[in-house]
Amino acid sequence: MIKIFQKSLKKELAELSNEILNSVWSNKIEQSNIESLGIKDGKQIIAEYLENREYGIAYEHLAYIITECEMELNVEQKNRMDRIADRMNLEPIKFLTNEKGTDFLFACKNLYLASIHPFDVDKRNLNEYKQIVELGKELLAQRGIQSFLGYLMESQYRVSVWASMIAIEYGKPKQDEILNLSGTKTIINSCLECIMQDEINSLSAEIIENKKKWKSKNVPQHRV
């Protein structure tokens, strides 16, 4: 029974660590002035703790990185951290959370399930469509365009497409500003690639044409 408990705890900590300390976090650390190896090598250190069954120390080190880097967790991530602490009889740590960020993800999912595409022009007057645009604009203002475009990592439910469209329409990206997440491509190119690429589910000819018209209007003369 103890072995089963430890194995599931190890797996949960490993999955949560990989989810939180993702490529967006890695790029942020690389471009910051943080010198602590305990942070820069955080994923490796946590993996070593887990391998040695030092689950409490692994949790505390992950919590240290989150608080030291002032990272915002979504509601689900915070709840998972709290559950892990409870299982190990540790005092839960207070983390910064961003419920608006989670709301954006859920809104994308709901619109996907309702078959409402970002480039369904005829549906722009629907309340659900207006709400996600307003939420995206709010997150843009709160986080800044670089942080907001961390959503480009989210491939499900057209999250990255919604974020790309909102970022170009309302984020006013500079022509030559490099997307930190990419390191080589501009914000505009990264967003356009995301918008114009083929999706898993085939799109109607109308939506494809709407994409082209939108690009001509919002980024005229710009080539990917």
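Modeller: Helices here are DSSP runs of H or I with at least four residues, numbered from the N terminus. The model is predicted.

Biologist: Does Glu-54 count as buried, partly exposed or exposed?

Modeller: Buried means under 20% relative accessible area, and exposed means over 50%. Glu-54 has 31% relative accessibility, so it counts as partly exposed.

Biologist: What distance separates the C-alpha atoms of Glu-54 and Lys-10?

Modeller: Along the chain, Glu-54 and Lys-10 are 44 residues apart.

Biologist: Which residue with a positive phi follows α4?

Modeller: The phi in question is near 60°. The residue that follows α4 with this positive phi is Arg-53.

Biologist: Are α4 and α5 roughly parallel or roughly antiparallel?

Modeller: Their axes come within 8 Å and cross at roughly 165°. That angle makes the pair α4 and α5 roughly antiparallel.

Biologist: Which residues of α5 make the contact with α4?

Modeller: α4 passes α5 in a left-handed crossing. From α4, the contact uses Gly-42, Ile-45, Ile-46, Tyr-49 and Leu-50. From α5, the partners are Tyr-55, Ile-57, Ala-58, His-61, Leu-62 and Ile-65.

Biologist: What arc do the buried residues of α4 cover around the axis?

Modeller: Gly-42, Ile-46 and Leu-50 are buried in α4. They lie on the same side of α4, because the arc they cover around the axis is only 70°.

Biologist: Which exposed residues sit on the face of α4 turned away from its buried side?

Modeller: The buried side of α4 holds Gly-42, Ile-46 and Leu-50. The face turned away from it carries the exposed residues Gln-44 and Glu-51.

Biologist: With which residues is Gly-38 in contact, leaving aside its neighbours within four places in sequence?

Modeller: Gly-38 is found in helix α3, residues 37–40. At 16% relative accessibility, it counts as buried. Its C-alpha atom is separated by 8.2 Å from that of His-61, which is 23 residues apart from it along the chain. Leaving aside neighbours within four places, the contacts of Gly-38 are Ile-45, His-61 and Ile-65.

Biologist: How are α8 and α10 oriented to each other?

Modeller: α8 spans residues 127–143. The axes of α8 and α10 come within 10 Å and cross at roughly 65°. Angles of 65 to 115 degrees count as roughly perpendicular. Therefore the orientation of α8 and α10 to each other is roughly perpendicular.

Biologist: Which residues of α10 make the contact with α8?

Modeller: The crossing of α8 past α10 is right-handed. On the α8 side, Tyr-129, Ile-132, Val-133, Gly-136, Lys-137 and Leu-140 make the contact. On the α10 side, they meet Trp-162, Met-165, Ile-166, Ala-167 and Tyr-170.

Biologist: What is the relative accessible area of Phe-148?

Modeller: Phe-148 lies in helix α9, residues 145–148. Leaving aside neighbours within four places in sequence, its contacts include Gly-136, Leu-140, Ile-166 and Ala-167. Phe-148 is buried, and its relative accessible area is 0%.

Biologist: How far apart are the end C-alpha atoms of α12?

Modeller: Helix α12 has 14 residues, 205–218. At 1.5 Å a residue, it should span 20 Å. This agrees with the distance between its end C-alpha atoms, which is 20 Å.

Biologist: Against which helices do the buried residues of α12 pack?

Modeller: Ile-207, Asn-210, Lys-211 and Trp-214 are the buried residues of α12. They cover an arc of only 105° around the axis, which puts them on the same side of α12. The face turned away carries the exposed residues Ala-205, Lys-213 and Ser-216. The buried residues pack against α10 (159–170) and α11 (187–196).

Biologist: Is Lys-211 buried or exposed?

Modeller: Lys-211 lies in helix α12. Leaving aside neighbours within four places in sequence, it is in contact with His-117, Phe-119, Ile-195, Met-196, Gln-197, Glu-199 and Leu-203. Its relative accessibility is 3%, so Lys-211 counts as buried.

Biologist: How many helices and strands does the protein have?

Modeller: Along the sequence, the pattern is α-α-α-α-α-β-α-β-α-α-α-α-α-α. The secondary structure comes to 12 helices and 2 strands.

Methods. Residues are numbered from 1 along each chain as its sequence is written. This is a predicted model: local features need pLDDT of at least 70, side-chain atom pairs count only at pLDDT 80 or more; totals for chains, interfaces and linings use all residues. Side-chain values use heavy atoms; hydrogens and water are left out. The expected span of a helix is 1.5 Å times one less than its number of residues. Buried means under 20% relative accessible area, exposed over 50%, partly exposed in between (1.4 Å probe, protein chains only). The arc is that of the directions from the helix axis to the C-beta atoms. Contact means heavy atoms within 4.5 Å. Axes are lines fitted to C-alpha atoms, for helices over the stretch in contact, and angles run from 0 to 180 degrees between N-to-C directions. Angles under 35 degrees count as roughly parallel, over 145 as roughly antiparallel, 65 to 115 as roughly perpendicular and the rest as oblique. A crossing is left-handed if the near helix is turned anticlockwise from the far one by less than a right angle, and right-handed if clockwise.
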